[in-house]
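Colleague: I would like to learn how to read a model like this one. Can we take it feature by feature?

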Amino acid sequence: MTFQAIEIPENSAVFGETRNAFTRFGYSAAVRSHGHLFISGTIGRRADGSIADTVQEQTELALTRIHEILRLADLTPAALVDVVSYHVDIHHHLAGFLEVKQRLVEAPYPAWSMIGVSGLAVPGLLVEIRATAAYP
């Protein structure tokens, strides 16, 4: 099977210090394979590694990171075909998430599933988003 990992540059203003997590935890930000780009779960950490305080800021940071990965892979957000978001306390945070999603995600809209979870990898995280994009 052939695939190409998308590398986040060392000087990335979007990922900053958090870029080290890919090596530390042994995964790629995204992998291109068979005409698709598979983007790993993306969270709302600031470039300095701190976790954003609100679901709105976490959502904006996560979507900004996804947009940056798409840019590095020579794609735009219009290439997204499938998105899954995981939400801690979904009923409490969904309105804030949707507020940002409606501002940053434009038509054509991808398929999107929103799943409530009891927790994410690090305490304080409220949302994680993974996505798949298609190359033309």
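Modeller: Start with helix α3, residues 90-104. It has 15 residues and reaches 19 Å from its first C-alpha to its last, close to the 21 Å expected at 1.5 Å a residue. Keep in mind that this is a predicted model.

Colleague: Where does α3 bend, and by about how much?

Modeller: At glycine 96, by about 30°.

Colleague: Which residues of α3 are buried?

Modeller: First the general idea. An α-helix has 3.6 residues a turn, so residues three or four places apart point the same way. In α3, the buried residues are Ile90, His93, Gly96, Phe97, Val100 and Lys101.

Colleague: What do the buried residues of α3 pack against?

Modeller: Helix α2 (55-72), plus strands β4 (80-88), β5 (111-117) and β6 (127-134).

Colleague: Now a loop residue. Is threonine 18 buried or exposed?

Modeller: Buried means under 20% relative accessible area. Threonine 18 has 10%, so it counts as buried. Its place is in the loop between β1 (4-6) and α1 (21-25).

Colleague: What is threonine 18 in contact with, leaving aside neighbours within four places in sequence?

Modeller: Arg45, Arg46, Ala47, Gly49 and Arg65. The threonine 18 side chain also reaches the backbone oxygen of phenylalanine 15, at 2.4 Å.

Colleague: And serine 33: buried or exposed?

Modeller: Serine 33 is buried, because its relative accessible area is 9%. It lies in strand β2, residues 30-33. A polar atom of its side chain lies 3.3 Å from the backbone oxygen of threonine 2.

Notes:
Residues are numbered from 1 along each chain as its sequence is written. This is a predicted model: local features need pLDDT of at least 70, side-chain atom pairs count only at pLDDT 80 or more; totals for chains, interfaces and linings use all residues. Side-chain values use heavy atoms; hydrogens and water are left out. Helices (H or I, at least four residues) and strands (E, at least two) are DSSP runs, numbered from the N terminus. Buried means under 20% relative accessible area, exposed over 50%, partly exposed in between (1.4 Å probe, protein chains only). Contact means heavy atoms within 4.5 Å. A polar contact is a pair of N or O atoms within 3.5 Å; within protein, one must be able to donate a hydrogen and the other to accept it, and residues adjacent in sequence count only if both atoms are side-chain atoms. The expected span of a helix is 1.5 Å times one less than its number of residues. The bend at a residue is the angle between axes fitted to the seven residues ending there and the seven starting there.
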